[in-house]
Amino acid sequence: MKSAVALFLCATLTLTLLAADAPTRPKILGLSHVALAVHDLDRSRAFYKDFLGFQEPYSLTNETGHLTWTWIKINDHQTIELFPEKEPGTDRLDHVAFETDDVQAMRDYLQSRGIAVPPKVAKSGIGDAYFTVKDPDGHTIEFTQYLPDGWTMLNRGKSMPDNRISTHLAHAGILVSNVEAAQKFYEDILGFHEVWRGGKTPNQLSWIHEQVPDGKDDLEFMLYSTLPAPDRRGSYHHLCLEVPDIEQAKTFLEQRPARMSYDRPLEIHTGVNRKRQLNLYDPDGTRVELMEPKTVDAVPPPR
């Protein structure tokens, strides 16, 4: 009996020591950016800059001087990244990125949880540290840390005009086929938590919102049974820009000179979550959802 107790205590101590040595998850502070492959870089830049009112603080060019990557700034921590498509007819969503306070610790943590990670953290073309992994649906998910000498931090307080359509990227939407697998990755491993779910009908589950563990931004699961064709995913893979007043946002867009080149109607409607919204589509058909933060009746949507 004494030997059995001793073995049990030894095993317990070993597990405790292993748990103590296991890396802990660093903070996931919010959405950093959504990266989109675009067919016509100039048209896409015009949509986000001339129509939506954002600025483009920095970009990268190749050895021939051609633009290869550019950043549309929403606020000091969030951007939309645009780069030329590699081939036509493909999914426009390249990756979704989250900001972390320690990218090396995040890499080590994910490796300890059995997630395939690169051999080391890299430095981006604008000087920030990052690495990428794949989620259960094959989406590329990036984790990035803004370094003091990176362009993100060096441009703090700049390129944020008062008349830009939004100051906050509230959520990004991705297609998800297996909810259980997605929640195991995002909830059990990354620490996200569900804040809302809804459907097109009372008996249908269509969307689940998962909030980052250390901030307010969401990742929206767009559930499907049949995966849309790559060039038809733009209305599913989307980004949501928060606006305080949807009517004012519509008026702002109507008054923009670039409205003349945007041929879709500007229609406000109330979603299943009882929040007013207005859907826009960039030149490649990627949906840009403008949404008020509060419900029309000031009652939070059901969890």
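Let me start with Y186: buried, at a relative accessible area of 0%. Buried here means under 20% relative accessible area, with exposed over 50% and partly exposed in between (1.4 Å probe, protein chains only). F192 is buried too, at 3%.

A word on the model. It is predicted, so to speak: local features need pLDDT of at least 70, side-chain atom pairs count only at pLDDT 80 or more, and totals for chains, interfaces and linings use all residues. Residues are numbered from 1 along each chain as its sequence is written, and side-chain values use heavy atoms, with hydrogens and water left out.

Back to the rings. Y186 and F192 pair edge-to-face, 5.5 Å centre to centre, with 70 degrees between the planes. Rings of Phe, Tyr and Trp (its six-membered ring) pair if their centres lie within 6.5 Å; planes under 30 degrees apart are stacked, over 60 edge-to-face, the rest tilted.

The structure holds 15 aromatic pairs. Take Y58 and W71: the centres are 5.6 Å apart and the planes at 55 degrees, so this pair is tilted. Y58 sits in the loop between α2 (41–51) and β2 (59–61), W71 in strand β3 (residues 67–75), 13 residues apart. Y58 and W71 are both buried.

Now the whole chain. Of its 303 residues, 47% count as buried. Contacts are heavy atoms within 4.5 Å. Among contacts with a separation of 6 or more, 63% come from residues 24 or more positions apart. The C-alpha trace spans about 85 × 55 × 35 Å along its principal axes.

Methods
Helices (H or I, at least four residues) and strands (E, at least two) are DSSP runs, numbered from the N terminus.
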